[in-house]
Amino acid sequence: MSEKALFHQLEKDIGAVLAEKHDDRSIIEGVKPLLQNLLENKHLLPKDLQVSLPGKYAQYLLYKPQNEAFSVIAFVWGPGQVAPVHDHLVWGLVGIYRGSVVEKRYRRVDHGEGAFPRYEVREVGEVTAKQGDISFVYPPDYDIHGVANPFDEVAITIHIYGTDIGKQPRHIHDVATGSSRDVITKHDNAEAVYH
Ligand SMILES: [Fe+2]
């Protein structure tokens with residue numbers, strides 16, 4: 001099957017999951033084997049997109065359907081590159097295609113009106129994810145994380161989100177103060193790799 005045909009099949013398969021499942025956790029369970037399948041495909045990413053960019057991790061849209069019910073993204077992490085602590089406000093899965101990344105998980109705790117600072121972004125766990133591993137996010141309690149590649153080799157991660165994540169208004173969180181700022185993280189490619 002060509003990669004293009006693979007993504008058209010994926011659209012059918014995710015469509016079937018979304019028709020049947022209605023809560024984020026069930027959707028994630030349904031999509032997980034589909035992401036597993038993508039991670040095993042050696043030709044998923046064109047060679048020229050497998051190199052890291054200077055200064056910042058690269059974010060490439062691989063595919064999204066016309067209705068933007070989901071998007072598949074490749075992130076390429078050079079040694080030392082980091083994504084600050086952020087949320088997604090939509091379900092998502094993160095699979096490791098090559099190399100390893102360290103993922104720190106956080107939960108936002110509301111200390112209530114009048115408290116100062118009102119919010120705390122509390123670290124709740126850290127994992128080193130290796131090739132083939134899949135983790136997930138969904139709001140509100142499993143949605144905040146930071147990702148880093150502290151290793152010497154490039155890491156590539158493949159993500160599936162329940163919307164076009166390149167257009168999704170969301171937040172970067174300041175762990176020290178509990179405050180957040182609005183952000184939209186656009187893709188580094190103008191057009192999806194497959195369409
Ligand atoms: Fe993320």
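L89 is partly exposed, at 40% relative accessibility. The model is predicted.

**Positive phi angles**

- L89 has a phi near 60 degrees, a positive value in a residue other than glycine.
- L89 sits in the loop between β3 (82-86) and β4 (92-98).
- E68 also has a positive phi, near 55 degrees, and E68 is not glycine either.
- The loop between β1 (58-63) and β2 (71-77) holds E68.
- E68 counts as partly exposed, because its relative accessible area is 24% and buried means under 20%.

**Cis peptide bonds**

- The bond from F116 to P117 is cis, and its omega is near -10 degrees.
- P117 belongs to the loop between β5 (100-110) and β6 (119-130).
- A cis bond also runs from P139 to P140, with omega near 0 degrees.
- P140 is in the loop between β7 (134-137) and β8 (144-148).

**The iron site**

- Three histidines coordinate the iron ion: H86, H88 and H145.
- Each of these histidines uses its NE2 atom, at 2.1 Å.
- Along the chain, the donors follow the spacing H-x1-H-x56-H.
- H88 is in the loop between β3 and β4, while H145 is in strand β8, so the pair ties together parts that are 57 residues apart in sequence.
- Are H88 and H145 buried or exposed? Both are buried.

- D164 lies in the loop between β9 (155-161) and β10 (170-173).
- D164 is buried, because its relative accessible area is 3% and the cut-off for buried is under 20%.
- Which residues does D164 touch, not counting residues up to four places away in sequence? They are K64, E68, S71 and H187.
- E68, one of these contacts of D164, is the residue with a phi near 55 degrees.
- K64 and D164 are 100 residues apart in sequence, but their C-alpha atoms are 7.0 Å apart in space.
- The D164 side chain also reaches the backbone nitrogen of G166, at 2.9 Å.

**E29 in a helix**

- E29 is part of helix α2, which covers residues 24-39.
- E29 is partly exposed, with a relative accessible area of 43%.
- In sequence, E29 and L93 are 64 residues apart.
- In space, E29 and L93 are 9.6 Å apart, C-alpha to C-alpha.

**The cavity**

- How many cavities of 30 Å³ or more are there? The count comes to 1.
- The largest cavity holds about 50 Å³ of space.
- Its lining consists of V94, I96, V101, E103, A129, S135, V147 and T157.
- Strands β4 and β5 are the elements that give two or more residues to this lining.
- By type, the lining of the largest cavity divides into 5 nonpolar, 2 polar and 1 charged.

**The largest pocket**

- The largest pocket has a volume of about 210 Å³.
- Its lining is made up of 16 residues.
- Y57, A83, H86, R170 and T185 lie nearest the centre of the pocket.
- H86, one of the residues nearest the pocket centre, also coordinates the iron ion through NE2.
- Two or more lining residues come from each of β2, β3, β8, β9 and β10.
- Which element gives the largest share of the pocket lining? It is β3, with 3 residues.
- The pocket lining divides into 9 nonpolar, 5 polar and 2 charged residues.

Definitions and conventions:
Residues numbered from 1 in each chain as written. Predicted model: local features only at pLDDT ≥ 70, side-chain atom pairs only at ≥ 80, totals over all residues. Heavy atoms only, no water. Helix = DSSP H or I, 4+ residues; strand = E, 2+ residues; numbered from the N terminus. Buried < 20%, exposed > 50% of the residue type's maximum accessible area, 1.4 Å probe, protein only. 1 Å grid on protein atoms, 1.4 Å probe; cavity = no way out; pocket = protein on both sides within 12 Å on 5 of 7 lines; lining within 4 Å. Points joined across faces, edges and corners; volume = space filled by probe spheres on them. Nonpolar A, V, L, I, M, F, W, Y, C, P; charged D, E, K, R; others polar. Donors = N, O, S within 2.8 Å, 3.2 Å for Na, K, Ca; no water. Contact = heavy atoms within 4.5 Å. Polar contact = N/O pair within 3.5 Å; in protein donor to acceptor, adjacent residues only side chain to side chain.
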